[in-house]
Amino acid sequence: MIAAGLGRRPQFVQVAWSSIEASAERGDFDIGMSGVEDRPALRARRAVTLPYFEFREVLAVRPGDSARYQRLADLRGRKVATLGSTMAYDLLLDAQRESGVVPVSYDDDVHPYTDLVAGRVDAVLLDHVIAERALRRTPGFVIQSEPVAIGHYVGVLAKSNTALRDSVDEILRSRMRDGSLEKSFRSWNVWDDSQARHFERVLSETPAAGGAGNAGELTMSGITSYLPSLLRAAGVTALLSILSMAIAVSVGLGVAAGRVYGGRMVRSVLAIYVEVIRGTPVLLQLFVIYYGLSGVVRLPAFAAAVIGLGLNYAAYESEIYRAALEAINRAQLEAARTLGLSEVQIFRFVRGPQALRLALAPMTNDFVALLKDSSLVSVITVVELTKQTAIYATNTGSWVVPGILCAAIYLVFSLPLSRFARRLERKWSAA
Amino acid sequence: MSASLTITGLEMRRGSRQILSGVNLEVSPGEICGLFGASGAGKSTILRAVAALDPFSAGSIDVGDFSLVPGPVPRESQLRQLRKRVGMVFQAHSLFEHLNALDNITLAPVHAHGIPQSRASEDARALLDSLGVAHRADAYPRELSGGEAQRVAIARALAPGPMILLMDEPTAALDPARREALGETLRALAREGRALLIATHDMEFARGYTDRQIILAEGRIESGPASRAED
C-alpha cells in the first residue's frame, strides 16, 4: 500500500524484530514496520511515521486466575512473561519496582503463551493483537479486558530520511481517509472501534515532524542507570558459567572414566552421548531441555540453562580427560600394578594427577568458551550479560556504549583465565 | 633350598601364534638368572607372565606358595601375595613423572602395604643410599640421568621387600662403566638372599654378572639350566 503510493516496488527484508530500528538506520531497508512501538526515545533517535495502529497492552492469565489477576498490581511475586526490549517489558520493570512483579523476558511471542498454559509463568503482558492471535493458536488462557496501557505502531526510518517519512505519512493519512487502511485491518481481523477513534485523532492533528524528546540515554547518567542491571546480569553470567562448569567437570570425569575403564556396553553408550552432544547445536539442546522436556519435567529456566550448558560442555570435557588419561604411558600404570597398587589407587595417585596437569590448560580454555557460550541461554528466557546488553542497546538505539561495556565485563572475566591457562601450559610443557 | 620361582610347562599363545612353549625354569634365593635371547625370543613375555601383567595358556608359575594358573589375569585383590613377593624393573624405568624419587619409592609401601609414611621414607632413603643415589631423593624423574633413574626404579621395586626381582633389559641405556656398577648392585642384592631374573640380549653382561644363563629362541629354552653355582 505504501510502496504503491510511492510508486515503488516493495521488497521484503527480514531482520530480528529487536534489530528493526538499527537496521533502518544502517540502510538495510527504507522503512521498518512490524509492531514497532511509538516511544519518545525512538522518535528522538529516528525518523518515525505517524502512528497507524493503536494497540492495547493486555494481560493474559489462566482461566482459573482471571478473577485474582486483573491488573499488574495483583501479580506481586508472580512471573509475568513478555517480549524483551518492548514497551510491555518496560511496564513490567516498573511493576517490578512498584509491586514486586517478576518479569520474564522471551525472544518470541509464542512461548510466553505456551509457558502460561503450562504453568511456567502466571501471566503474559503483550499487545492485544499478539494475545488474540496466540489465543487462536493456544487455547487455555483468557485475556483480561481492561488494558494495562495503550500504545501505537509506527514505521521507522533512518533519522536523515525525513523526506521519505513525510511522503509515507501523507500516504497513510490518505489511506486512513479513504477507508482502504480500515479495509486492510478488517481483513486481518484487527479492526475495532478504538482504531476508528484513533484514525480520527490522527487525521485531526496537523502534521508535525518528530525530533524533540530525550534521544539519548547515552549520557553519563544513562550509563550509570544501566550499570546495576548490567552488573546483575554479569553476576548471572558468572554464576551460570561456574555452575555449568561444575556439572561439566563432574559429568565429564565420569564419562571419561567410563570410556577408559568401562566395559564395551558402557563405552558405546558414552561414545554415543559424546557424539550426539558434540554433533548438535547447543541451542537445540537448550530448546529440548527447556521446552521439549517440559511435559516430563518442568525445569525453571536458570536450572535448564545450567543443566543444558553443563551437559553440553561435559561432552567436550570428557574428551579432554579421556585424551589426558590415555596420554599417561602404559608402562607407568603397569609399574604401579606390579607394586601392588589397586586400580583405584593407580587412578588416584598415578594416572589422575598426571592427567590433570595435561587437562588443566585446555579445561581453562573451555571455561572461557563456556563463559561466552552462556549468552545462548537467553533463548530460554534467562537474562544474562549479552541479553541485558541487547535490551540496553535496543532501548538506547545504539550498540556502541552497551557493546563496549559488555565486552569489558566479559574481558574482566576471561582475560585472567586465559593468562592462567597460558601460564599453566608454559609451566607443564617446561616440566 | 626350595626355589623362589618355579615355572613349569609355560605356554602362551596370541591368536594362532605360539609365543612361549614348554618353558621350565627355577630361580633359587640368592641366584642371578639371566634370560638371554634375541628380540622377540620371549624374554620379556616370561617376565610379564611372572608379574601377572599378561595371561598364559598352560603351565604354572609358583612364587613361594603362591601359584598363578592359566587363564585371565586374576583381579588385583587376589594378587596381593604375589605383589609383595615379586618386584619388577621395566626397561624404560617407568618412574612416576609427577613424583620425586623419594615419593616414587614410598607410594606403594604407604598406600598398598599400609606402612606409615615416616618409616617408608626412612626405608626409601636407606635403599637410595645402598644404591648410591641418596643425594637424588628430591629430584624428579626428568632431572635424573639414565643410570640414576634406573637405580631409583630398582629402589622402588625393592621397597615392598620382594623375594624376586625381575629386570627387563637393564643394560639397554647404560654406558660400560654404568653396566659394571649395575652388575655389582645385582650381586649385592643376590647376596641379601633375593632371587633375580634378568632378561637381556647383552651376552657379555649375562656372562659377567649372572650365575646361570638360559638361552631362549622362538619361545623355547635352547640351553641351560647350566648353573655356575653348580660348576
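Trainee: How many bridges join strand β1 of chain B to β2(B)?
Mentor: Strand β1 (residues 5-14) of chain B and β2(B) run antiparallel. Strands are DSSP runs of E with at least two residues, helices are runs of H or I with at least four, and both are numbered from the N terminus. For strands to pair, DSSP has to find at least two bridges between them. The count of bridges joining β1(B) to β2(B) is seven.

Trainee: What kind of model is this?
Mentor: Residues are numbered from 1 along each chain as its sequence is written, while chains are lettered from A and ligands numbered from 1 in the order in which they are written. Local features need pLDDT of at least 70, side-chain atom pairs count only at pLDDT 80 or more, totals for chains, interfaces and linings use all residues, and the model is predicted.

Trainee: Which strands are the edge strands of the open sheet in chain B?
Mentor: The sheet has four strands with antiparallel pairing, in the order β2-β1-β4-β5. An edge strand pairs on one side only. That gives β2 (17-27) and β5 (66-68) of chain B.

Trainee: Which residue in β2(B) is the bridge partner of B:Met12?
Mentor: Look across from β1(B) to β2(B), its antiparallel neighbour. The partner of B:Met12 there is B:Leu20.

Trainee: Is B:Ser94 buried or exposed?
Mentor: Phi of B:Ser94 is near 60 degrees, a positive value in a residue other than glycine. This serine sits in the loop between β6 (86-89) and α3 (101-111) of chain B. A residue is buried if 20 or more other C-beta atoms (placed from the backbone) lie within 10 Å of its own, exposed if 12 or fewer, and partly exposed in between. B:Ser94 has 24 other C-beta atoms within 10 Å, so it's buried.

Trainee: How does B:Glu218 count?
Mentor: B:Glu218 lies in the loop between β9 (212-217) and β10 (220-223) of chain B, and its phi is positive, near 50 degrees. With 14 C-beta neighbours inside 10 Å, B:Glu218 counts as partly exposed.

Trainee: Which helix of chain A supplies the largest share of the side that touches chain B?
Mentor: 18 residues of chain A are in contact (C-beta atoms, placed from the backbone, within 7 Å) with 21 residues of chain B. Both α14 (330-338) and α15 (343-373) of chain A supply at least two residues of that side. The largest share, seven residues, comes from α15(A).

Methods: Two residues are in contact if their C-beta atoms, placed from the backbone, lie within 7 Å.
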